Amino acid sequence: MNFTIRQLEIFLSVAKFQSVSKAADQLHLSQSAASAALQSLEKAYGVTLFDRQGNKIKLNAIGHTLRKKAETLFAHCQQFDDALKLHSEIGHLRVGASFTIGNHLVVRYLAEYLNQYPDADVQFDTANTPEVVAKVLNYEVDVGMIEREVQHRELELIPWKEDELVAFCSATHPLAQKGVLNDEDIKAARWILREPDSGARHTFDRALAGLLPEIEIYREFKHNEAIKSAVESGLGIGCLSKVVLQNDFRNGDLVPLKLANRDMTRMFYFALPKQRHNKTAVEFWVHLCSKMGE
């Protein structure tokens with residue numbers, strides 16, 4: 001095609017007003033720019049669309065013939081433009097969340113999000129923290145939600161909410177009656193933990209840094225539910241987010257254990273690529289989760 005949508009719009013506006021100056025005002029152009037665009041359109045196709053007499057301009061027979069086709073075409077262009085704009089406002093969103101956040105927190109915010117964007121297609125992808133970060137940096141998700149701080153020059157982290165890890169055992173475990181574990185208890189226990197790259201394991205290793213060489217890590221699992229099942233079966237004691245364990249503590253299936261003088265707190269973060277286009281849906285999601293997570 002040898003014409004632009006802008007040229008089409010200028011042609012139709014000049015045809016409507018029978019005046020280049022009025023068309024230029026309507027389209028917020030200079031008269032010279034409008035005139036040049038119109039002449040360029042005519043030259044590209046070797047046609048004359050207007051009869052010109054001095055400062056007067058009038059649609060000729062060829063112009064009349066083509067005007068209706070131009071109006072139909074421009075109307076379709078406007079509909080396509082409106083559809084693109086509407087699509088950006090529908091709120092389609094891809095969220096990558098670490099397992100704890102994805103399985104226990106994200107769904108809490110979905111209903112409120114869909115109240116704002118009822119036609120949105122919201123996709124959740126759960127993985128451990130390094131995998132979520134990789135998806136963010138590869139633009140496979142619009143926003144990541146992770147369980148620890150990650151340093152990367154192309155990554156922006158926004159602090160979200162504080163969390164706490166809790167050690168726990170089965171109701172029948174010998175430590176269940178003790179409640180608070182000292183260093184000797186910690187070293188004597190068999191631990192069932194998340195895999196080394198996970199956010200929960202990162203916090204556990206940091207909190208027990210001085211004891212790690214003497215701790216028996218009996219099993220490692222990628223999923224929280226596997227750890228809870230193993231602990232409930234009496235294979236050892238575990239350590240997970242309090243978010244994961246609240247119902248189990250309430251039901252009495254598992255028992256919380258305090259680790260004396262150990263800081264088990266951590267921060268959850270939103271993860272975004274530094275080089276990104278601002279997306280209203282992402283901004284609303286971050287705002288919503290921050291507001292509801294307070």
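Helix axes are taken here as lines fitted to C-alpha atoms over the stretch in contact, and the angle between two axes runs from 0 to 180 degrees between N-to-C directions. In the predicted model described here, helices α6 and α12 pack with their axes 10 Å apart and at an angle of about 125 degrees. Angles of 65 to 115 degrees count as roughly perpendicular and those over 145 as roughly antiparallel; α6 and α12 are therefore oblique to each other. The crossing in which α6 passes α12 is right-handed. On the α6 side, the residues that meet α12 are Val 106, Arg 108, Tyr 109, Glu 112, Tyr 113 and Gln 116. Their counterparts in α12 are Ala 281, Phe 284, Trp 285, Leu 288, Cys 289 and Met 292.

Aromatic pairing was then examined. A pair of aromatic rings is described by the distance of the centres and the angle of the planes. A search of the whole structure finds eleven aromatic pairs. One of them joins Phe 11 and Phe 50, whose ring centres are 5.8 Å apart; their planes stand at 70 degrees, so this pair is edge-to-face. Because Phe 11 belongs to helix α1 (residues 5–17) and Phe 50 to strand β1 (residues 50–53), the pair ties together parts that are 39 residues apart in sequence. Phe 11 counts as buried at 3% relative accessibility, and Phe 50 counts as buried at 1%.

An edge-to-face pair is also formed by Tyr 109 and Trp 285, with 6.4 Å from centre to centre and 85 degrees between the planes. Tyr 109 is located in helix α6 (residues 106–116) and Trp 285 in helix α12 (residues 280–292), so this pair ties together parts that are 176 residues apart in sequence. Both Tyr 109 and Trp 285 are buried. These two residues are members of a cluster linked by ring pairs, which also contains Tyr 113, Tyr 117, Phe 124, Trp 160, Phe 268, Phe 270 and Phe 284.

Arginine side chains are placed over the ring of Tyr 218. The charged end of Arg 190 sits over this ring at 4.1 Å from its centre, while Arg 219 lies over the face of Tyr 218 at 4.4 Å from the ring centre.

A further site concerns Ser 170, which is part of strand β6 (residues 155–170). With a relative accessible area of 2%, Ser 170 is buried. When neighbours within four places in sequence are left aside, the residues in contact with Ser 170 are Ala 176, Val 231, Glu 232, Gly 234, Asp 253, Leu 254 and Val 255.

Conventions: Residues are numbered from 1 along each chain as its sequence is written. This is a predicted model: local features need pLDDT of at least 70, side-chain atom pairs count only at pLDDT 80 or more; totals for chains, interfaces and linings use all residues. Side-chain values use heavy atoms; hydrogens and water are left out. Rings of Phe, Tyr and Trp (its six-membered ring) pair if their centres lie within 6.5 Å; planes under 30 degrees apart count as stacked, over 60 as edge-to-face and the rest as tilted. Helices (H or I, at least four residues) and strands (E, at least two) are DSSP runs, numbered from the N terminus. Buried means under 20% relative accessible area, exposed over 50%, partly exposed in between (1.4 Å probe, protein chains only). A charge sits over a ring if NZ of Lys or CZ of Arg is within 6 Å of the ring centre and within 35 degrees of the ring normal. Angles under 35 degrees count as roughly parallel, over 145 as roughly antiparallel, 65 to 115 as roughly perpendicular and the rest as oblique. A crossing is left-handed if the near helix is turned anticlockwise from the far one by less than a right angle, and right-handed if clockwise. Contact means heavy atoms within 4.5 Å.
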